[in-house]
Amino acid sequence: MNTLFYIAGAVAVLCTLRVVTHTNAVHALLYLIVSLLAAALIFFLLGAPFAAALEIIIYAGAIMVLFVFVIMMLNLGTPTDRDQKPCLRPAGWWGPAILASVLLVEVVYVLAAGGGFPAVNAPVGPHTLGRALFGPYALGLELASVLLMAGLVGAYHLARPRGADRAEGGAP
Amino acid sequence: MITVPTTHVLMLAGALFFLGLAGVMARRNLIFILLGVEIMLNAAGLVFIAAGYHWGRPDGQIMFLFILSMAAAEVSVGLAMILRLRHHIHGLDADRAGSLRG
């Protein structure tokens, strides 16, 4: 079982290295998503299944979709009028695909061999987590919600087109 | 039964953190700088999960939840700032944003 952790860690480090050294923004995002999936598998192996699910749903789901939206708005990817053939050739996606399939093999192995959690003495499940989150950490939960509200208002305020930009001939 | 020493998890988190730090310091593209910040935040979350694994307590996962919400708020504001800044510096090169309103 320990080998699974080291393989997932190696996948995470390799993918992060490719994120830092890649020049194509979309390919770097693809590697970062595989790196986050590897981190989620590590969380699962360390007895934190709820954190692993949140890592996939929020990090690899929501935040990375935000990045993809912005990259598409900034036109950093390939131009749309180019031929679609180069995107379908495996040169762009074989690296993330191989690393992600390594993670898939690990997950299948864990679920087939362990019959549940591979985990430590007692995996901390969502029930224990919720009891603690709404008990001693209720103030922190409220502060996190206020922070998310501030992020929402700030992002709306910053991304709103302004009168001065339109007068200067900027983007409407 | 997994019996990985906590030291190894911390070493992995440290490696990920320094990769993100190297990305922030070496890249000049604003998008890649933000990606490096995300990598570093994720490594910090891994440290908290490792602490929860070491002591078998839920507190590490709760701190990870806080880091997750903080990362979501930070990335939304950061991407909105990149979208605004792009009109002023005509591109995504961080070196061209060296002066504010000077």
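A residue is buried if 20 or more other C-beta atoms lie within 10 Å of its own, exposed if 12 or fewer, and partly exposed in between, with C-beta atoms placed from the backbone. This is a predicted model, where local features need pLDDT of at least 70 and side-chain atom pairs count only at pLDDT 80 or more, while totals for chains, interfaces and linings use all residues. Residues are numbered from 1 along each chain as its sequence is written, and chains are lettered from A and ligands numbered from 1 in the order in which they are written.

**Exercise 1.** Describe the secondary structure and burial of chain A.

- Step 1: Look for helices and strands, which are DSSP runs (H or I, at least four residues, for helices; E, at least two, for strands) numbered from the N terminus.
- Step 2: Chain A has eight helices and zero strands.
- Step 3: Turn to burial: 31% of the 172 residues of chain A count as buried.

**Exercise 2.** Work out which face of helix 1 of chain B its buried residues line.

- Step 1: List the buried residues of helix 1 (6-26) of chain B: they are B:V9, B:L12, B:A13, B:L16, B:L19, B:G20 and B:G23.
- Step 2: Seen down the helix axis, these residues fall within an arc of 120° (taken from the directions from the axis to the C-beta atoms), so they line one face of helix 1 of chain B.
- Step 3: Recall the general rule: an α-helix has 3.6 residues a turn, so residues three or four places apart point the same way.
- Step 4: Check the face turned away from the buried side of helix 1 of chain B, which carries the exposed residues B:T7, B:M11, B:M25 and B:A26.
- Step 5: Find the cover: helix 1 (2-21) of chain A and helix 2 of chain B are among what covers the buried residues. Covering goes by contact, meaning C-beta atoms, placed from the backbone, that lie within 7 Å.

**Exercise 3.** Find which helix of chain B gives the most to the side that touches chain A.

- Step 1: Count the contacts: 48 residues of chain B meet 57 residues of chain A.
- Step 2: Helix 1, helix 2 (30-55) and helix 3 of chain B each supply at least two residues of that side.
- Step 3: Helix 3 of chain B gives the most, with 23 residues.

**Exercise 4.** Decide whether B:M70 is buried, partly exposed or exposed.

- Step 1: B:M70 has 17 C-beta neighbours inside 10 Å, so it counts as partly exposed.

Notes. Contact = placed C-beta atoms within 7 Å.
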